[in-house]
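Visitor: I have this one open on the screen. Could you walk me through it?
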Amino acid sequence: PRAGQDGHCGNFNGNPGDDTTDAIRARIGMGVPQGESLFRTYTPAVPGKRETLSDCPPAKKAKAEQTCRAAGRTDLEACTFDACFAGTQYVNEGM
């Protein structure tokens with residue numbers, strides 16, 4: 001991490017209490033423009049709306065979970081969420 005680094009994954013200061021969605025949005029805003037996104041798929045942030053696994057279509061969620069299990073991920077819920085909304089190509093990131 002670099003000094004001043006902040007974003008979806010937090011600010012890397014060792015305090016998970018300030019890495020909630022609300023705290024991150026208060027520090028950096030709702031999100032990045034599509035042209036600056038590092039992800040292949042882009043879902044713009046909507047004020048007051050937080051995506052949950054319930055928002056993932058059932059077939060897509062099943063594939064995401066299957067991919068996470070096959071990769072041996074122990075953080076199944078977080079992995080399934082990321083795979084569903086960002087793509088299964090990210091399942092092996094950060095392992």
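**T88 and its surroundings**

Guide: Neighbours within four places in sequence aside, T88 touches A64, T67 and A83. Keep in mind that this is a predicted model.

Visitor: Where does T88 sit in the chain?

Guide: T88 belongs to the segment after α3.

Visitor: Buried, exposed or partly exposed?

Guide: T88 is partly exposed, at a relative accessible area of 29%.

Visitor: And how far is T88 from Q5?

Guide: From C-alpha to C-alpha, T88 and Q5 are 25 Å apart in space. In sequence, 83 residues separate them.

Visitor: Stepping back, what is the secondary structure of the chain?

Guide: There are three helices and zero strands. Along the sequence the pattern reads α-α-α.

Visitor: What are the spans of the C-alpha trace?

Guide: About 35 × 25 × 25 Å along the principal axes.

Visitor: What share of the residues is buried?

Guide: Of the 95 residues in the chain, 19% are buried. The accessible surface is about 6900 Å², and carbon and sulfur atoms account for 54% of that surface.

Visitor: And the contacts, how many are between residues 24 or more positions apart?

Guide: They make up 32% of the contacts with a separation of 6 or more.

Visitor: Back to the helices. Which residues of α3 are buried?

Guide: C79, T80, A83 and C84. These residues cover an arc of only 130° around the axis, so they lie on the same side of α3.

Visitor: What covers them?

Guide: The cover over the buried residues of α3 includes α2. One of those buried residues, A83, is also in contact with T88.

Visitor: What comes after α3?

Guide: G87 follows α3, and its phi is positive, near 125°. There is a glycine after α2 as well: G72 follows that helix with a positive phi near 80°.

Visitor: How many residues does α2 have, and what length does it reach?

Guide: α2 has 13 residues and reaches 18 Å from its first C-alpha to its last. That is close to the 18 Å expected at 1.5 Å a residue.

Visitor: Switching to charges. How many salt bridges are there?

Guide: The search of the whole structure finds four salt bridges. One of them joins the side chains of R27 and D6, at 2.5 Å from N to O. R27 lies in helix α1, residues 21-28, and D6 in the segment before α1, so this pair ties together parts that are 21 residues apart in sequence.

Visitor: How accessible are R27 and D6?

Guide: R27 is partly exposed at 35% relative accessibility. D6 is partly exposed too, with a relative accessible area of 26%.

Visitor: Which other salt bridge does R27 form?

Guide: R27 also forms a salt bridge with D19, and the closest N and O atoms are 3.7 Å apart. D19 is partly exposed, its relative accessible area being 24%.

Visitor: Last topic, aromatics. How many pairs?

Guide: The count is one aromatic pair. The ring centres of F81 and F85 are 4.8 Å apart and the planes are at 50°, so the pair is tilted.

Visitor: Why tilted at that angle?

Guide: Because planes under 30 degrees apart count as stacked and over 60 as edge-to-face, while the rest count as tilted.

Visitor: Buried or partly exposed?

Guide: F81 is partly exposed at 24% relative accessibility. F85 is partly exposed at 21%. Since buried means under 20% relative accessible area, F85 at 21% does not count as buried.

Note on methods: Residues numbered from 1 in each chain as written. Predicted model: local features only at pLDDT ≥ 70, side-chain atom pairs only at ≥ 80, totals over all residues. Heavy atoms only, no water. Helix = DSSP H or I, 4+ residues; strand = E, 2+ residues; numbered from the N terminus. Buried < 20%, exposed > 50% of the residue type's maximum accessible area, 1.4 Å probe, protein only. Phe/Tyr/Trp six-rings, centres within 6.5 Å; stacked < 30°, edge-to-face > 60°. Expected span 1.5 Å × (residues − 1). Arc of directions from axis to C-beta. Contact = heavy atoms within 4.5 Å. Areas by Shrake-Rupley, 256 points an atom, 1.4 Å probe, with all protein chains shown as cover.
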